[in-house]
Amino acid sequence: MSGNGLRKGGVALTVLGLIGLLAVYWLAFFWVSTEIRQGVAQRIFYVHVPAAWTAFLAFGIAALTSAMYLWLRDERLDRAAVSAAEGGMVFGTIMLITGPLWGKIAWGTYWNWEPRLTLTLLLWFIFLGYFMVRSATDNPEKGKRFAAVVAIVGALDIPFIHLSVVWFRSLHPEPVVLKPEGPSLPGDMLILLLASVAVFQILFFGLFLFRYSIENVRGEVESRAREATVA
Amino acid sequence: MKSTIQSALSVFVLILAAGALGALGAQEMTNLPQGTRIAAQSLKPYWHVFIAYSVVILAVLGWVISMSRRLARLEAQLSD
């Protein structure tokens, strides 16, 4: 697909995602039932959990494409990795802001150094390091290779984040959807959660395509600059 | 400049819409049965929900604006 095609596809998916987001907001306020113990604060669940899953997916894609970049040295894989990592940072930031807002109502505190929160913050900082490492070396190729290793190491944290609530004492509840015996959420809550996850993923892939097309333009600018230097 | 103003206006309209939805939701809570109403005694949760939902919109639009600026800068370099 051409650069313009990618960009147009990205914009179309993003617009679709934003419309879907408004629909999710409407359903969250007017359709889904209110959780009896936490009340309205539980509605943060419908943005916090999808943001978390989207961030993990994005960081996973960044790690996978980074590993493939180290193997194949294809620039397109590095462009995909940096685009996914940036998306992971955006959705990770949403997760890290909405979580404490919910935690203050549900647990009485914005933050607690319990395993899942600590590991999630660590993941965010590892990927912040990914961007710092990329720009820290004089040789861009070396920066890309170092950053690829950081992305792979960072993604190793994701399974630990998921399993931390099973292995350790945690304020977070044990999984209510991703568990062997199936989801234990009431039907309407599960439907809205899955709809919200789908909308967040559409938004992510739309913005990912848009970001990837920018990396293509950057590549073109850099190659022209190199040609000009040689000439 | 024009696109920045348009983006800022869009963000403002979306935040207003989210606020209106929040207010309507709060009104609806008063019609709930006695047991369910216990969790809604304080208005604080509404603020937290409102801020959380606004953060999503602001983060996504912020990323869109940031990418648009970078693209415009790169395209300007490309055309030089």
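So, helix 3 (residues 75-106) of chain A packs against helix 4 (residues 115-134) of chain A at about 150 degrees, axes 10 Å apart. Helices here are DSSP runs of H or I, at least four residues, numbered from the N terminus; axes are lines fitted to C-alpha atoms over the stretch in contact, and angles run from 0 to 180 degrees between N-to-C directions. The crossing is left-handed, meaning the near helix is turned anticlockwise from the far one by less than a right angle.

Who makes the contact (C-beta atoms, placed from the backbone, within 7 Å)? Helix 3 of chain A brings A:A85, A:G88, A:M89, A:G92 and A:L96, and helix 4 of chain A brings A:T120, A:L121, A:W124, A:F127 and A:Y130. That's seven nonpolar, three polar and no charged, with Ala, Val, Leu, Ile, Met, Phe, Trp, Tyr, Cys and Pro as nonpolar, Asp, Glu, Lys and Arg as charged, and the others, Gly among them, as polar.

This is a predicted model: local features need pLDDT of at least 70, side-chain atom pairs 80 or more, while totals for chains, interfaces and linings use all residues. Residues count from 1 along each chain as written, chains are lettered from A and ligands numbered from 1 in written order.

Chain A's mean pLDDT (predictor's confidence per residue, 0 to 100) is 91, with 98% of its residues at 70 or more.

Between chains, 31 residues of chain B contact 33 of chain A. On chain B's side, helix 3 of chain B gives the most, 21 residues.

Technical notes:
Two residues are in contact if their C-beta atoms, placed from the backbone, lie within 7 Å. Helices (H or I, at least four residues) and strands (E, at least two) are DSSP runs, numbered from the N terminus.
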